[in-house]
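Please have a look at the sequence and the model first.

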Amino acid sequence: EELVAKAIAPVKREYLRPPPLAVVVKEKKSKRQLKRERQQEQKSALNICPEVAKTGNVNACCYAGKCRFSHDLEAFLAQKPADIQGDCPFCPYGMACRFSGTHKKKISEMNGLNKDVQKLLWKNKMSFPRADAELKRLGLDTRSLKKARDSSLKLNAREKKIIDFRGKLYLAPLTTVGNLPFRRVCKFLGADITCGEMAMCTNLLQGQASEWALLRRHSSENLFGVQICGSYPDTVARTVDLVDSECTVDFIDINMGCPIDIVVNRGAGSSLLTKPLRMKNVIHSASCTVDKPLTIKVRTGYFEGRNRVDSLIADISNWGASAVTIHGRSRQQRYSKLADWDYIYQCAKKAPDVLQVLGNGDIFSYTDWNNHISECPELSTCMIARGALIKPWIFTEIKEQRHWDITSGERLNILKDFVHYGLEHWGSDTKGVETTRHFLLEWLSYTYRYVPVGILDVIPQRLNWRPPCYFGRDDLETLMASDSAADWIRLSEMLLGKVPSGFTFAPKHKSNAYDRAENG
């Protein structure tokens, strides 16, 4: 009880161990150093021309002497890292592939960016007929982002397609770690609904390939949406028009809850909660543009103690949203303290029948799920976010109504599936292998927080519990419990081979699973 009160996981005494000695952290490289290293890497023979690698012919490249890649095939093969054991999942990489085995064609992904569309976006010549017509009708027809006016016009009588979220297991859109390979893992483990990572509207409209990559969908994702984030009605409406035209999606979600400073300072994300008039125009114009279901994701409010979604919930439906997901924290809280589910229930009870309300925050076991659904029948379903990052088999637990005492071997098999999906998605050449490794390490920076059911004195584990230092029931489980990046790298080497010389890793995410003063 004392440990639980301090939010420390109550691990059985026989598994506890003293904390490891402090590790000296290497000094972070400057941007200038990193740039210099990238330039040297470009000149390396390992940076082989894709056409030369694919064909094995040094004369295959159409750029010849002007190509920025190396054409020295012999030097490349001499320096190429050793192949990874196993068969190549697919291969357009030829001699650059890190696998020996049969080559298969990759046909399982969709929503790629058409090159002709990208060129039009680059030149700002893309037309948005539906969005522009609706913006004009609503009095929001302007390229100047600061002149958007309110409109008292009613919504178009456009018939909306309907998605029934009730009772379905929804994997939240998750920045960085919620990539396509991770979503495939969650689909295999029982998730019903998946959604792409948050994509910024302005970047999509500029044709940035890296942003469009966030919209990619795997064929196994049978109920799939994309999440976009924008500041102004015209930007969001044109993005919705573009996505509907170029992508195969079942719904489009607008993020109005992101707490990250760089997003909020642009007037997007949770910043919109302080501007209900603009929030109305964003939802209104986007909803009128397409007939696909439009959903939004919000937080309870901007400042802690000043909740405001309950006062907007009826209007959100009138503006054209089909569903709203409420994360039970304010923007100021970020991810600290517990989610306020009582407030989520209050909002769900106030919502009109046509608006589906989804709850989000701190779900980490099937009992958490059951409690929320039973305590508030008005909730359509619950969205699962960090709980799925730490233990993606939570979807299996909910469907089978059990606490799964998963073994370290079963967990390793899940990591193997992720690596296989990653190599299919990012590629099986050296760059693809290292990209897969990077995202695997990002994910491992969450999974170590899981404490196995069999060594807990109290079950289920709560999301805000800090795991103490403990021994697992075998060496692999002990390794998986380590909070050291060096041990995460060791796990990655078990699956992807040795890391390159001089390799270091620091997690990208800044969100804390536990209370910290810096989070307000």
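This is a predicted model: local features need pLDDT of at least 70, side-chain atom pairs count only at pLDDT 80 or more; totals for chains, interfaces and linings use all residues.

Let me begin with a question: does Cys 195 count as buried or exposed? Cys 195 counts as buried, at 1% relative accessibility, where buried means under 20% relative accessible area and exposed over 50%, with partly exposed in between, using a 1.4 Å probe and protein chains only.

Residues are numbered from 1 along each chain as its sequence is written, and side-chain values use heavy atoms, with hydrogens and water left out.

Cys 382 is buried as well, with a relative accessible area of 0%, and its sulfur lies 9.1 Å from the closest cysteine sulfur, that of Cys 376, which is too far for a bond. Taking a disulfide as a pair of cysteine sulfur atoms within 2.5 Å, the count comes to 0.

Now to helix α5, residues 115-122, where helices are DSSP runs of H or I with at least four residues, numbered from the N terminus. Its buried residues are Val 117, Gln 118 and Leu 121, and they line one face of the helix, because seen down the axis they fall within an arc of 100°, taken from the directions from the helix axis to the C-beta atoms. These buried residues pack against α8, α9 and α10, with contact meaning heavy atoms within 4.5 Å, whereas Lys 115, Asp 116 and Trp 122 are exposed on the other side of α5.

Key. Helices (H or I, at least four residues) and strands (E, at least two) are DSSP runs, numbered from the N terminus.
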